[in-house]
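Please keep the sequence and the model in view while reading.

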Amino acid sequence: MTHHDDSKTLFGFWVYLMTDCILFATLFATYAVLHNSTFGGPGAKELFSMPFVLTETLILLTSSFTAGLAMLAAHRLNKNQVLFWFGVTFLLGVAFLTMELTEFSKLAHEGNSWQRSGFLSAFFTLVGTHGLHITTGLLWMGTLMTQVTRQGLVPPVVRRLTMLSLFWHFLDIIWIFIFTIVYLMGAM
Amino acid sequence: MKNGSTTPQPEAAHGTLTSYTIGFVLSIVFTLAAYFAVVDHLLVGGVLAGAIAALGVVQLIVQLVFFLHLASESKPRWNLVVFLFMLVVLVILVFGSLWIMYNLNYNMASPHDVDTQIIQDEGISK
């Protein structure tokens, strides 16, 4: 595998990420249109706990940073550090996902599921799609960590790790906008 | 493995420990600034909404530069071109949807709601 092919693969992955941005843009647009359609039910201000969401945000931000550290180690071909930092990233990702699912089940138990109002349908679709991406990212991370253990840091594995880290940073950026638009603007 | 700095690929610039740390610290600072502006009511109304939106955009730029290395991509900058095209589509999609749905709400509302809306928009007091 030459570098030229690598750059094409990474460019292709970048184009995929940009189309994924458009998917999220449609969900953000839906949320923006429906965010006041509460059908007499509770709105964003009543439902969300701000310290909880801030913790989620800081966890995801930190995981993006540790993914960056893992990539630095990958380019130095330091296998143990790659496994350590991706391990930390993985655990932070699991913590984030657990918090998100806790929030979802709490809302559903209180009778504020996606069936309650247009606002909540849009909320669950937007935040749930992000959570689904995080889940996929975690599965991918687990797979690649196995590959690093078995095959070492050979060029194809490093290329896949590079794509995974792009994906993970991208999910962090999407979350910044969910944090800003859904939670912060909702709490105003 | 050493990458040639002449090949146009995202990994041509991996960033350094310093750049990742700067990006991380700036992200945390902007996140906390936006959070406390809202929670502690440091600003109000339109100014607050504008400030939060601005902090969100600044964070986007920080992440693109320090984590995704978009600024240090070598020419031709295809990643940047695709990114900018995506932004155009995004703006049309989001603001177009809001515009259309606002007009639909306006035009499909009951006569009473339209009266209320016009009175509100024009600042007429009954």
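What percentage of the 126 residues in chain B is buried? Buried residues make up 18% of chain B, where a residue is buried if 20 or more other C-beta atoms lie within 10 Å of its own, exposed if 12 or fewer, and partly exposed in between, with C-beta atoms placed from the backbone. This is a predicted model, in which local features need pLDDT of at least 70 and side-chain atom pairs count only at pLDDT 80 or more, while totals for chains, interfaces and linings use all residues. Residues are numbered from 1 along each chain as its sequence is written, and chains are lettered from A and ligands numbered from 1 in the order in which they are written.

**Chain B and its helices**

The secondary structure of chain B comes to four helices and zero strands, and from the N terminus on its elements run α-α-α-α; helices (H or I, at least four residues) and strands (E, at least two) are DSSP runs, numbered from the N terminus. Of the contacts in chain B with a separation of 6 or more, 53% are accounted for by residues 24 or more positions apart, a contact being two residues whose C-beta atoms, placed from the backbone, lie within 7 Å. Chain B is divided into domain 1 (1–76) and domain 2 (78–126), with bounds that come from an automatic or database domain assignment. Four residues of domain 1 of chain B are in contact with four residues of domain 2 of chain B, and the domain 1 side of this contact has three nonpolar, no polar and one charged residues. In these classes, Ala, Val, Leu, Ile, Met, Phe, Trp, Tyr, Cys and Pro count as nonpolar, Asp, Glu, Lys and Arg as charged, and the others, Gly among them, as polar.

**Where chain B meets chain A**

Between the chains, 41 residues of chain B are in contact with 43 residues of chain A. On the chain B side, α1 (17–39), α2 (45–66) and α3 (78–108) each supply at least two residues, and α3(B) gives the most, with twelve residues. By class, the chain B side divides into 27 nonpolar, 13 polar and one charged.

The helix α1(B) has 23 residues and reaches 33 Å from its first C-alpha to its last, close to the 33 Å expected at 1.5 Å a residue; the expected span is 1.5 Å times one less than the number of residues. Its buried residues are B:Y20, B:G23, B:F24, B:S27, B:T31, B:A34, B:Y35 and B:V38, and they pack against α3 (50–75) and α6 (155–187) of chain A together with α2 of chain B. An α-helix has 3.6 residues a turn, so residues three or four places apart point the same way.

**The nonpolar core**

The largest nonpolar core has 59 residues, and those with the most contacts inside it are A:A70, A:F167 and A:I174; such a core is a set of buried Ala, Val, Leu, Ile, Met, Phe, Trp, Tyr and Cys residues joined through C-beta atoms within 7 Å. The elements that give two or more residues to this core are α1 (3–34), α3, α4 (79–109), α5 (118–151) and α6 of chain A together with α1 and α2 of chain B. The largest share, 18 residues, comes from α6(A). Not counting residues up to four places away in sequence, A:I174 touches A:F24 and A:H130.

A:W168 is found in helix α6 of chain A and counts as buried because 27 other C-beta atoms lie within 10 Å. With residues up to four places away in sequence again left out, A:W168 touches A:S64, A:A67 and A:G137.

**Backbone points in the loops of chain B**

Most residues other than glycine have a negative phi, and most peptide bonds are trans.

| Site | Angle |
|---|---|
| B:H41 | phi about 50° |
| B:H69 | phi near 55° |
| B:K75 and B:P76 | omega about -5° |

B:H41 lies in the loop between α1 and α2 of chain B and counts as exposed because it has 10 C-beta neighbours inside 10 Å. B:H69 lies in the loop between α2 and α3 of chain B and is buried, with 21 other C-beta atoms within 10 Å. The loop between α2 and α3 of chain B is also the place of B:P76, which a cis peptide bond joins to B:K75.
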